[in-house]
Amino acid sequence: MSLPPFASWNVRGFNHPLKVFMCKDHISSHNLKLLGILEAKIHPPMSSDPWFCHCHRVFDNEMCCDNFAFSNPGRIWLKWDSTAVSFSPSFISSQVIHGMFFSGSSPPILLSVIYAANQPEDRKILWDNLLHISQNIHLPWAVMGDFNCHRFDYEKAGGSPLPLGRLGELNNFISNCGLQDLSSVGLLYTWFNQRIDLPIHIKLDRILVNSDFLDFFPMAHYKVDSPFGSNHSPIILLANSVNRTFSRFLFKKFWLNLDGFWEVLLNVFNSPNLASPISAFYNCLKALKFKIKGMNWSSSTFLSNAILEAKIHQMQCLNALQSAPLDQGFNTNLKLANDRLNHLQMEWSSWIAQRAKSYWLAQGEDDLGFLYAKIRSRANRNLIKEISSSRGIITGHHNIAGELIEHFKILFNGTDNFGNHSSSSPVGNTVPSSFCNSLVEPFSDNDIKAVVFAGKPDSAPGPDGFPFSFYQRAWHIIGYKVCTAVRHFFATGVMPKGAKATAITLIPKGSHASSISDFRPISLCNIFYKIVAKLIANRLKPILPLIIHISQAGFIADRQSMDNIILANELLKVFRGSQKLFCAKLDIKKAFDSVSRNFLLDRLKFKGFPDKFIKGCICNVHFSICLNGSLEGFFSSSSGLRQGCPLSPLLFCIAMDGLSQRLQHSSFIGLNQGSFSINHLMYADDLLVFGVASHDNLTYLKNSLQSYSEESGLFINPIKSHILFSKSVGNVDLLASILGISSIENSLTYLGLPITYKRLSFAHFQPLLSRLSALLEGWKVHFLSFAGRVQFIKFTISNTIAYWIRGAIIPKACRKVISKLCSKFLFFGNFNDKKMHFISWKAVTKPKDKGGLGIHSFDSMYYGVCCSFIWRMYNTQSLLGSWFKSRFLSPWKSPPMAATKFWKLVCNTAIQNKDLFCFKVADDCNFSLLWDPWFCGDSLGNHFYDAALVGCKVMEFISNGAWILPDGWPLDIKQNILSISVEEVYGVDWAGFSKPSFKNFTSQFYDNLDDVSWFKFIWHKKNALRYACYAWMAINGKLKYADKLIVRGILASPICDFCRGHNESHSHLFFSCDFTFSVISSLLPALNCFYFRPNLYQTFDFFNCNANFNALEKNCCFLAISVAVYYLWRERNVRRFSNSWNSPDYLKTVISSAIHAKIGKWKAYDKLVDRFKDFLV
């Protein structure tokens, strides 16, 4: 479907003939059929003047409406071509014109054209009006115009950053109305203040749409055009259908459950093939692909049609049953029809989940609406409509494909002349001789199988279209040929170009993507290649920590990005002193894409790696471009590594180690503090350099970088690089110019987090709040169930917060805002209204066995971070640990006043949990003699202190596994020390764990809380999250029962909506009420033995304590009770608010169907049917 183009434009006054000409020219250029003229500045009397109206016509057959009666001067003048479209206004105010837009055969849409007020308090009226309008919208809806505010910090350049409240204003409105940004092309900023001395650019104009709009117009987008004679750019909505090209083959998981697929698979892989093992395997895949395409079930349309037929058959069985309800044949047919429909619907859900790629939604249960909306949203954002390049605006699929192919051809073939001569970078550590044999040891079938089954089933496949799920489910048939092909590669080092061919897919960095730089290229490798690359990577991982410079934290085992972020912040605190220092964040141009393969192979050779296998993986690689679902081009490459290949990050670290070694062995002077010295930090290609701020030193750095660039092909991009100087440095512009850097800052963003020598303020955490606001977009609230929102917070939101927590101390005010945001999202999804819920966020953020939902709190995450850091400080080698030991000796030594917040938090955590850390002493242990609690679980300094021993290590008093203690020490101290055994290997255990996980740490945080007795009733292994969440609220007594509402002064009918004879309360509803008890007892007749009606806890406990039920049967009963609670509460709300009701028999049928849908997936289903005929038959 399509719509004619229409636009809105803030013209800053429509009183001059020039503005009329501008609008006419704009209409002609884009063939517009409707134009919303904003900031018209028309006085009401003028709008009634026929001559004035005639002179300001922009269409030949024009009709119009305005809001001049609501504002003086008038603000919005809506004009349209009446021969092509029509518009019927239904609501007009001083800031919006809202109505129905009609265009030929296209479906009608709701259109709101807005010109928001300048002041936030005035705009609130607009948001309230639109929110009221949104409550009853079930049609496609677009909101376009000048919002006079922006969503994210990157949408403003220049001027002062807006405070959180101003940014949250538009985000809250979007969330509450269930809208989302429509994807856009053209310019990013839509407004310019027309000043050269203090320029400000902001994105004030945009188009928002609801999910229904994308359902009807999935290819819609808007273009931000040149502003011509205004300070605002016009925005044009384009909703024309795009001619779809041939889509590439993608394997669908639901095929795995079709008998026809397995027949085809067996025939193809049993056919003889005389080619080499790899070619033979790919010939089979090619034949399989060809056979599948010819089958009627290859399209998802087959599945949707099968569901429709199953529903018709089910209805026929039901109609037949009406005349003979006890007929065994009819009942058998109905059961088979129900099973068939349930099976097909599960397959459809699987297909939708595969397309949506929402891995976190593992137990969302009722969120197909969310998945559909996500598919539409992502498809709209990912669709490439046009590309802006040096040649101008490129449109049309063929032209865009040509431009992209040419761009990536140049990019991946740019360093042929680099690395052809021997590398001059110092080698550094080489592969230990003890690892040489393991690198070339043959791989077993079990090794290969382990890699296959460790892959994500739904991860995006390469050009051949087969994902890991195909390899995993079909392993019993294809496994032999896969293993043979893999072993053939390692025997020869040769892989056909088709097997390692790669598809480049372009992911937009935001809703606005115009130039190629606005997209993030991701390499999609074939799964067969990934298996080979992963096998090699697994061999490399244990070796890299021994040969890669310690400053590199990216992709190296036992090294973490958080260490670099914290250390960078700690080092910048030294900048407050009198030393003349600098910190430069250097950006490497297209790092992964431009590294010289010759240079990399040289580094591998010098390090001692056998390069045959790796060379076979990274050389002679061919690429295609995945453009809007189709593969375009097939071109070779001579440089770069693929982002998406399991091997690439490790190989890139080996290449970057050349720079680390060059900086380490050059004349460049880094930052020195006592015994600690450092000159750079790395995380893959994120480079942070520290050093003395002098002309000579920066020249040394420049020369080192230049030499490295000439041999590796990796060049510094000074435009995107930034530099920071300590307070005592003068001539900063001159010093920065040595490196070609023009951006001199007081704070930097490193690995996405702020670092500065100043105190971090609330404003530094604005990107985090903006990110969370984007994640909690309104359409997610509208489509996610309560269980889905729990999963979304627990994984997506918590992971985002956890990353920031690992690298910075988030201010309490910011934590409070985030907690409030998450709480409102979870319970009612409206961020503005002050609604009521009975469960505190503190209760939610407890572990499930302590009565919560298992979402981490800020305090528990910081506790886990600190405990994890202390454990790693003593068990792994890191620059951060060395820094703190050199500065403060031990976390059990009282921190000085000048210490950072992070170190003080670590010290506080260490002191409070001293008993949980167990120190094992050995010959080479570097424990602090006086402060670390190695001495019988305590610090030696608490029992014996000598100033001469302050900096001493424990290992100084051990030789060949025996203690060597000075004679002058107290006898009792010596005796206690001698009783401590000297181990072969030193280390620190935590709470009995030699390698504790983050979960171990956070669980300990809540150890002082008692376990709730009902934990296993709700959260048993077979629970269904949708029902468990409501059972959790019910057993806590936190549903909004009438008695609780009345106590809080809220008007509510006290009478039970089921029995109409008693007042509603928690205990009455579950299950003293005659109605609710009749439902639960019909499902579980064993409850009829009660003389007095049980409450919810007693109902659960009855089955838990019943010896007649085994563990699986108890879980079945627990699930049945949770499902009953869920549907009874829904029925209660329907009766109370919709004035309709259903019978107990109907409710029992609904509940039984829901239970059957869940238990039908259990392996022991057949055993349960006989025991629970009341709801499983």
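**Salt bridges, a charged patch and a buried helix**

Student: Where does Lys124 fall, buried, exposed or partly exposed?

Tutor: At 49% relative accessibility, Lys124 counts as partly exposed, where buried means under 20% relative accessible area, exposed means over 50%, and partly exposed is in between, using a 1.4 Å probe and protein chains only. Please keep in mind that this is a predicted model, in which local features need pLDDT of at least 70 and side-chain atom pairs count only at pLDDT 80 or more, while totals for chains, interfaces and linings use all residues. Residues are numbered from 1 along each chain as its sequence is written, and side-chain values use heavy atoms, with hydrogens and water left out.

Student: OK, and which side chain does Lys124 meet in a salt bridge?

Tutor: The partner is Asp128, with a distance of 3.2 Å from N to O; a salt bridge here is a side-chain nitrogen of Lys or Arg within 4 Å of a carboxyl oxygen of Asp or Glu. Asp128 is partly exposed as well, with a relative accessible area of 38%.

Student: Where do Asp128 and Lys124 lie?

Tutor: Both belong to helix α4 (residues 120-134), 4 residues apart, which is about one turn of the helix. Helices (H or I, at least four residues) and strands (E, at least two) are DSSP runs numbered from the N terminus. An α-helix has 3.6 residues a turn, so residues three or four places apart point the same way.

Student: How many salt bridges are there by this rule?

Tutor: The count comes to 26 salt bridges. One of them joins the side chains of Glu711 and Arg662, at 3.3 Å from N to O.

Student: What about Asp1011, which side chain does it meet?

Tutor: Asp1011 and Lys850 meet in a salt bridge of 2.6 Å, N to O. Asp1011 sits in the loop between α35 (998-1005) and α36 (1015-1018), and Lys850 in the loop between α30 (841-844) and α31 (858-875), so this pair ties together parts that are 161 residues apart in sequence. Asp1011 is exposed at 53%, whereas Lys850 is buried at 12%.

Student: New topic, which residues gather in the patch of positive charge on the surface?

Tutor: They are Lys509, Arg520, Lys590 and Lys720. Patches are made of residues with over 30% relative accessible area and no salt bridge, with like charges joined within 9 Å and nonpolar side chains (Val, Leu, Ile, Met, Phe, Trp, Tyr) within 5 Å. Lys720 is found in the loop between α24 (695-712) and β28 (722-725), and Lys720 is exposed, with a relative accessible area of 54%.

Student: And why is helix α37 described as largely enclosed?

Tutor: In α37 (residues 1025-1035), 10 of the 11 residues are buried, so the helix is largely enclosed by the rest of the structure. The buried residues include Tyr1027, Trp1032 and Ile1035. Just after α37, Gly1037 takes a positive phi of about 70°.

Student: Last one, where does Thr756 lie?

Tutor: Thr756 lies in strand β31 (residues 753-756) and is buried at 2% relative accessibility. Leaving aside neighbours within four places in sequence, the contacts of Thr756 include Asn569, Leu572 and His764, where contact means heavy atoms within 4.5 Å.

Conventions: Accessible areas come from the Shrake-Rupley method with a 1.4 Å probe; for residues, only the protein chains shown count as cover. Lys and Arg count as positive and Asp and Glu as negative; His and the chain ends are not counted. The place of a charge is taken as NZ of Lys, CZ of Arg, CG of Asp or CD of Glu.
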